[in-house]
Structures are given as C-alpha cells and as structure tokens.
Amino acid sequence: MFERFTKDARAVVMGAVEHAEGAGAGSVDTEHLLLALLEREGSRASFALAALGLAERGDAVREALGEARRRAGLSQADAEALAGLGIDVSEIVARVEEVHGVGAMSGDRKDKGWWSGRRSFGRGAKEILEKALRIAVARPDRHVGDEHILLALTVRPGVPGEVLADHGVTYESVVRVLYGEGEAKAG
C-alpha cells in the first residue's frame, strides 16, 4: 500500500512514528498522525490546514489531544455520554492522578527506551491509512497524499476527528479548500 503514498504522505507516517516514540507509546495511533500533519509545511494538507486557520491554532490542537490522553483517550463525546450515566470522567482522572501522578491514565510509558524495533501501528492508525487509500481511489487520485490522510482523520470517529471538527476542520471544509467550489485550490 505504501508504494502509492507520496513523499508528503510518507513523511507524515514517519513523523507519526517519531511522535509515538517520543511519547513512549506502544504503537502509532491516530493522534500521532494528526500531530505529524500539523508539522508539515509546503504540502497539500498543510495548505488546507492553513486556509482553515488551524496553522496558527496548532498549540490548541496539541492541548486538546493532551487532555484526551489524560482521559485515557476518551473523546469529549465519550465523556459526555458517561456523564449522562452519572460517571464524572474528570473526577475519575483527578482521583487517579492524585494517587498515581499527572498523566497516569495516558498510557505513556516512563521507560522510553524499552523498544528498539519498529513501531507497530494501532488499529485506529491502520484504519486511517486504509481510509486515506479509499478516499484517494474514490476521487480518483493516482497517489495517496497527506491530504487524503487529513480527510480520513476528519471522517473517523474519535479524538482527532473531534478535535479537528472543534477547530472548524471537517471533511467538507477540507474538500472545499482542496478541490474548489469557486475558492482557492491547493496546487
């Protein structure tokens, strides 16, 4: 599948691996793909993110991802659903962190040197990469670019999609910026 990825898409995948390693994560996940996308410059996805105003709000996105990680990866929608059942996720996080320290539920490993081999990709990250391929084929684009990874992140339920939507980055807005409808298009 990776033979169809552009240089920019491969850079996003490699950047996601670096983010996972830096966080001591056991596998590459969807949030790592989003973090890698935020770092790109001069690509179609970076153009779309800049056009939608996310380039200057990258810190807010990183903060929202960090807060979700503190909630053990629960999206805000998940936390609200649990609140409807009388479960206060914020209270649980506070109690766990009181006993075990800040970030105890994040799943980050303290011994970052524990793994010397290749990072595996979590189910969510694999689904995003497969969805990016499907989006590219459906367009029909000849290659999978970083813009297809961005589009895939916008349609998959979960923290990255929710964070993007909270910042005005939806599938429709990215398609509008990238492919037109009378507005500037990415080249």
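Visitor: What is the volume of the largest cavity?

Guide: About 40 Å³. Before we go in, a word on what you're looking at. This is a predicted model, so local features need pLDDT of at least 70 and side-chain atom pairs count only at pLDDT 80 or more, while totals for chains, interfaces and linings use all residues. Residues are numbered from 1 along each chain as its sequence is written, and side-chain values use heavy atoms, with hydrogens and water left out.

Searching the whole structure turns up one cavity of 30 Å³ or more. Here a cavity is a set of points on a 1 Å grid over the protein atoms alone where a 1.4 Å probe fits but cannot get out, and a residue lines it if one of its atoms is within 4 Å of a point. The volume is the space filled by probe spheres set on those points, which are joined across faces, edges and corners.

Who lines the largest cavity? Thr30, Ile128, Leu153, Arg156, Pro157, Gly158, Val159, Pro160 and Gly161 do. Sorted by class, that makes five nonpolar, three polar and one charged residues. In this sorting Ala, Val, Leu, Ile, Met, Phe, Trp, Tyr, Cys and Pro are nonpolar, Asp, Glu, Lys and Arg are charged, and the others, Gly among them, are polar.

The element that gives the most to the lining is helix 9 (residues 159-166), with three residues. Helices here are DSSP runs of H or I with at least four residues, strands are E runs of at least two, and both are numbered from the N terminus. Six of the eight residues of helix 9 are buried, so the rest of the structure largely encloses it. Buried means under 20% relative accessible area, exposed means over 50%, and partly exposed is in between, using a 1.4 Å probe and protein chains only. The buried set in helix 9 is Val159, Pro160, Gly161, Glu162, Val163 and Leu164. Their cover includes helix 2 (30-39), helix 4 (58-70), helix 5 (76-84) and helix 8. After helix 9 comes Gly168, with a positive phi near 80°.

Leu153 and Thr154 are among them. The buried residues of helix 8 pack against helix 1, helix 2, helix 3, helix 7, helix 9 and helix 10.

Skipping neighbours within four places in sequence, Thr154 is in contact (heavy atoms within 4.5 Å) with Leu164, Val169, Thr170, Tyr171 and Val174.

Further back in helix 8, Glu147 is one of the buried residues. Its side chain makes a polar contact of 3.1 Å with the side chain of Arg44. A polar contact is a pair of N or O atoms within 3.5 Å; within protein, one must be able to donate a hydrogen and the other to accept it, and residues adjacent in sequence count only if both atoms are side-chain atoms. Arg44 belongs to helix 3 and counts as buried because its relative accessibility is 19%.

Now back to Leu153, one of the lining residues. In the largest nonpolar core, which has 44 residues, Leu153 joins Leu33, Ile149, Leu150, Val169 and Val174 as the members that touch the most others. Such a core is a set of buried Ala, Val, Leu, Ile, Met, Phe, Trp, Tyr and Cys residues joined through side-chain atoms within 4.5 Å. Helices 8 and 9 are among the elements that give two or more residues to this core, and helix 7 gives the largest share, seven residues. Leu150 touches Leu37, Ala45, Ala48, Leu49, Leu164, Val169 and Val174, leaving out residues up to four places away in sequence.

A cis peptide bond links Pro140 to Arg139, with omega about -10°.

Note on methods. 1 Å grid on protein atoms, 1.4 Å probe; cavity = no way out; pocket = protein on both sides within 12 Å on 5 of 7 lines; lining within 4 Å.
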